[in-house]
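Work through the exercises below with the model open. Each task is followed by its solution.

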Amino acid sequence: MTTACSNRYQLRGQRVEYLTDMQIFNSVEAILKPLGLDTPLFPDKIENLFDLWAEQFGLTIDIVEDDEWPSCTNGHYDPSTLTIRIPTRILKLIKSKNAKQRKKGLRVLFHELGHFCLAHKAVLHDSYGNDCKEVDSEEQADLFSDYMAVCIDNLRSKQGVLF
Ligand SMILES: [Zn+2]
């Protein structure tokens, strides 16, 4: 696929395969159900989903104690071991009864899920090529996270259960 990068752009993350917004939206829609994120159990029983993701996708969610976590970041995805790491404080936000807090925590989790679902690995070739947000792993993961929240919101309001 040819890329359509034009303007000068400073990558925030690694250069990955070019994806349009629509391609990212489509992968969110496709993965929502397999990830179990369409169930009423979510997000109260989030640990059950972590188990499901491990069984179904070989994805590990590693919860790290806050005092062992570097303060500069909220989450991390390691493509070599298919592991998402988040600190305890983010898990607490996800399980919070407060919707605003919960969304804050989920945003971090969905961002890291985005790296996993979009199969992000660094693309090392063509380092002098034009960069743009469509090849930026961080932009793609943020967009994935935004779309995930929107899709789940829509689903919840249809089912009459707001998360
Ligand atoms: Zn990221």
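**Exercise 1.** Which residues does Leu-109 touch, not counting residues up to four places away in sequence?

*Solution.* Note at the outset that this is a predicted model. Set aside the sequence neighbours up to four places away; Leu-109 then touches Ile-86 and Ile-94. Contact here requires C-beta atoms within 7 Å.

Along with Phe-144, Leu-109 has the most contacts inside the largest nonpolar core, a set of 28 residues. Two or more residues of this core come from each of helix H1 (21–32), strand E3 (83–87), helix H3 (88–94), helix H4 (99–117) and helix H5 (137–159). H4 gives the most, with 7 residues.

**Exercise 2.** What is the strand order of the open sheet, and which strands stand at its edges?

*Solution.* Start with the order: the 3 strands run E1-E3-E2, with mixed pairing. Now read off the edges. Strand E1 (60–64) and strand E2 (76–78) each have a single partner strand, so one side of each is left without a neighbour in the sheet.

**Exercise 3.** In which sense do E2 and E3 pair, parallel or antiparallel?

*Solution.* The sense is antiparallel, over 3 bridges. Strands of a sheet pair through backbone hydrogen bonds. Then locate a residue pair: Asp-78 stands opposite Thr-83 in E3.

**Exercise 4.** Which strands does H4 lie across, and at what angle does H4 run to E3?

*Solution.* H4 lies across E2 and E3. Take the direction of E3 as reference: H4 runs at about 165 degrees to E3. Both H4 and E3 also give residues to the core of Exercise 1.

Methods:
Residues numbered from 1 in each chain as written. Predicted model: local features only at pLDDT ≥ 70, side-chain atom pairs only at ≥ 80, totals over all residues. Core = buried A, V, L, I, M, F, W, Y, C linked by C-beta atoms within 7 Å. Buried ≥ 20, exposed ≤ 12 C-beta atoms within 10 Å, placed from the backbone. Helix = DSSP H or I, 4+ residues; strand = E, 2+ residues; numbered from the N terminus. Contact = placed C-beta atoms within 7 Å. Pairing = 2+ DSSP bridges. Axes fitted to C-alpha atoms, helices over the stretch in contact; angles between N-to-C directions.
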